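I opened the model today to look up a few helices and sheets. My notes follow in the order I made them.

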Amino acid sequence: MEICPGKPYPLGASYDGYGTNFSIFSEIAEQVDLCLFDDSGRETRIALPEVTAYCWHAYLPEISPGQRYGFRVHGPWEPSAGNRCNPAKLLLDPYARAIEGNIRWNQALFPYRMGGAGDEPDRADSAPFVPKSVVISPHFDWGDDHHLHRPFNETIIYEVNVKGFTHTHPDIPKAIRGTYKAIVHPVILEYLKELGITAIELMPVHQFVHDHNLIRKGLRNYWGYNSIGYFSPHNGYSSMGSAGQQVREFKNMVKILHDEHIEVILDVVYNHTAEGNHLGPMLCFKGIDNASYYRLEESDKRYYTDFTGTGNSFNVGHPHVLQLIMDSLRYWVVDMHVDGFRFDLASTLARQLHAVDRLSAFFDLIQQDPVVSRVKLIAEPWDVGIGGYQVGNFPPLWSEWNGKYRDCIRDFWRGQDQTLSEFASRFTGSSDLYENTRRRPFASINFITAHDGFTLHDLVSFNDKHNEANKEGNRDGESFNRSWNCGFEGPTDDHDILDLRARQKRNFLATLMLSQGVPMLLGGDEMGRTQKGNNNAYCQDNEMSWYDWSSIERELFRFSTRLIRFRKDHPIFTRRRWFQGRPIHGSTVDDISWFTPDGQEMSEENWGQGFAKSIGIFLNGDGIPSPDKYGNRVFDESFYLLFNAHHEPIIFTLPSKKWGRLWVKVLDTGDGSFSNDGQTYSSAEEIEVGQRSLVVLKRVVPPITRRTIISVSADNDQVQEKYSGRQGGFRPGCEALPFS
């Protein structure tokens with residue numbers, strides 16, 4: 001076989017139409033073997049002849065797409081110094097574009113001898129038990145596909161697991177259920193379009209590993225937060241059997257979703273890998289250059305610093321680790337056409353030494369990168385280390401999962417005291433968290449539920465977690481869920497309880513879609529999906545987690561679709577800029593005002609009443625300060641929102657004529673209605689809002705049948721008019737004036 005020197009960059013396996021260049025970084029290596037495998041599994045080893053700036057490389061003219069390969073790294077075995085080279089262990093390419101096969105758990109996967117102190121190397125060959133990296137062809141016909149760049153304030157995110165979303169759908173062929181191909185099956189596309197979401201956020205699709213301890217229990221890593229290949233689409237989600245075809249299938253999925261105007265956001269896990277702690281397997285990074293890729297304890301480098309609760313933390317302070325992360329992100333944007341990323345446990349990536357630093361090197365690189373800085377960037381702003389909870393502290397480019405929004409809205413609707421003041425802030429985009437960094441309301445990714453925790457159905461059905469199926473004695477998962485079972489734990493036939501639960505689900509969904517910020521809907525919440533009280537179903541790759549398409553709550557789904565359409569139809573709920581007149585408490589402002597149930601504007605004393613659970617909110621459609629993308633002034637109808645989280649009905653008095661003469665009901669979560677029955681409510685009139693319900697009123701503007709303009713002042717703010725027919729008001733700045 002002809003072996004040429006090749007090039008140190010790009011890293012990984014790069015096919016150019018004639019042959020393949022291989023390159024791998026290792027600062028500690030003394031020799032690196034490229035291992036090629038034929039269809040029968042026979043191995044050919046080639047010592048890479050060149051090393052440039054710690055990158056070992058070669059070019060092989062005869063190697064083409066479909067070739068399976070791996071590496072073996074020769075070097076020091078010194079666990080106390082953090083070095084764990086063991087050439088008996090076949091290693092995945094950190095830059096592999098595709099990975100074939102799965103781990104077969106065996107003692108040979110572990111680099112140390114069992115039974116000892118873990119300091120003696122194990123010499124058994126791991127090649128028969130590990131997946132193989134695969135050379136791929138970069139060619140794909142994208143046609144005219146491009147990134148959609150939908151404005152963040154107009155985005156509605158739908159979080160799903162690739163497998164669970166489609167695995168039981170009866171109208172999808174069994175051969176493709178649970179795959180990338182199934183995501184774009186016509187029945188799924190029609191469902192997503194009818195629902196109205198604009199972006200699908202996929203739980204991890206980087207190649208991941210099913211943990212050894214889960215396999216021994218008969219479980220699997222369903223969520224996928226156990227990455228080992230940051231450039232490879234997970235092969236378990238592919239319907240194609242041939243090596244490397246998961247890349248083509250993933251690209252085709254993105255292309256079709258873009259055709260339907262749906263963006264693709266990836267949940268990425270760069271904070272840790274599947275290799276675990278010092279007792280974990282050797283699959284890739286640990287054997288290539290352990291001390292470079294991982295954070296190690298300064299006092300004893302045999303052990304790993306763990307900010308993630310998974311055994312290790314990626315060493316983002318090392319330039320080659322930062323390079324790998326940035327290369328991976330650019331690859332998924334440029335080559336795979338994804339539209340954004342949600343970063344799991346993002347606080348870990350911000351840690352320089354130990355403290356979380358919002359000016360860390362990782363954020364500097366993101367800020368400066370001309371590719372990655374232009375897509376949607378979402379942080380999960382916490383980790384499990386000291387000082388890891390960083391909601392509101394990420395840099396200006398970033399949006400964040402707003403955990404404070406989740407907690408506050410849950411508390412509000414379950415009737416907790418002392419929530420009204422914070423509720424006002426969360427409902428209007430959490431300016432207290434994001435405005436001081438000049439971010440906009442869409443910095444807040446609002447959510448009630450996510451993959452981690454109860455589903456919406458379970459949030460209103462269980463007070464306590466029920467994680468026995470995880471086989472950890474119900475010790476895992478969050479114990480304080482801010483949930484409420486509405487009077488009975490779990491399934492029940494009690495009509496009153498079921499009615500209350502249905503109403504609570506509508507309350508949560510309506511609040512989410514009417515709040516400023518970016519709503520994220522947990523996939524399945526719109527159909528009433530349950531996990532039977534399990535709030536940590538990461539290991540439940542079964543009916544507990546899969547979507548049950550045979551038991552959709554049709555009324556809830558219809559309510560959800562109409563609610564999303566309502567949000568999209570009214571720019572008052574998707575403002576790009578903050579409401580004015582801070583502080584909002586007690587202020588008189590044009591674009592938003594707050595009222596007590598008796599129709600009086602809220603005072604500071606009212607905000608301080610901890611027992612208060614009801615409020616009226618006026619949103620002025622004439623007061624939207626941001627023009628559209630073409631520079632046109634944006635107008636909307638005005639609304640009055642009546643929130644009643646009290647356990648009894650509340651009589652609300654509508655505010656004075658200053659805010660509107662006539663109102664009509666357009667939404668009531670009490671019965672789930674969106675209809676306008678024609679009944680109007682006048683200013684100062686009373687209206688009853690049911691227990692734990694939300695009512696939305698729309699201001700009625702009387703029609704103008706004919707108008708004569710007598711004079712217009714120079715600044716267009718004073719107009720003398722004469723009307724025939726029913727009179728209405730004139731709005732300065734209105735683009736279309738009917739002259740007669």
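**Entry 1: a covered helix**

I wrote down the term first: buried means under 20% relative accessible area, exposed over 50%, and partly exposed in between, with a 1.4 Å probe and protein chains only. I also noted that helices (H or I, at least four residues) and strands (E, at least two) are DSSP runs, numbered from the N terminus. The model is predicted, so local features need pLDDT of at least 70 and side-chain atom pairs count only at pLDDT 80 or more, while totals for chains, interfaces and linings use all residues. Residues are numbered from 1 along each chain as its sequence is written, and side-chain values use heavy atoms, with hydrogens and water left out.

I looked up helix α6, residues 285-293, and found eight of its nine residues buried. The buried ones are F285, K286, G287, I288, D289, N290, S292 and Y293. What covers them? The cover includes β2, β7 (68-74), β9 (83-84), β15 (227-233) and α7 (319-334). Contact here means heavy atoms within 4.5 Å.

**Entry 2: the sheet with β2**

I followed β2 to its sheet. This open sheet has four strands in the order β1-β2-β6-β5, with antiparallel pairing. Two strands pair if DSSP finds at least two bridges between them. β1 (12-15) and β5 (50-52) are the edge strands, and each pairs on one side only. Neighbouring strands are turned by 25 degrees against each other on average, direction ignored. Between β1 and β2 (residues 20-25) I found four bridges. A13 has F22 of β2 as its bridge partner.

**Entry 3: a sheet of six strands**

Next I took the open sheet with the order β22-β23-β24-β29-β26-β27, again looking at the pairing, which is antiparallel. β22 (592-595) and β27 (680-682) each have a single partner strand, so one side of each is left without a neighbour in the sheet. The twist averages 30 degrees from one strand to the next.

Which strands pair with β26? β26 (residues 662-668) pairs with β29 (residues 693-700) over six antiparallel bridges, and three bridges join β26 to β27, also antiparallel. Facing β29, D668 stands opposite V695 and L662 has V700 as its bridge partner. On the β27 side, V664 is partnered by T680. Six of the seven residues of β26 are buried, so β26 is largely enclosed by the rest of the structure.

**Entry 4: two packed helices**

Last, I looked up α10 (residues 403-413) and α11 (residues 420-427), which pack at about 130 degrees with their axes 9 Å apart. Axes are lines fitted to C-alpha atoms, for helices over the stretch in contact, and angles run from 0 to 180 degrees between N-to-C directions. Angles under 35 degrees count as roughly parallel, over 145 as roughly antiparallel, 65 to 115 as roughly perpendicular and the rest as oblique. α10 and α11 are therefore oblique to each other. α10 brings K404, Y405, C408, I409 and F412 to the contact, and α11 brings L420, E422, F423 and R426.
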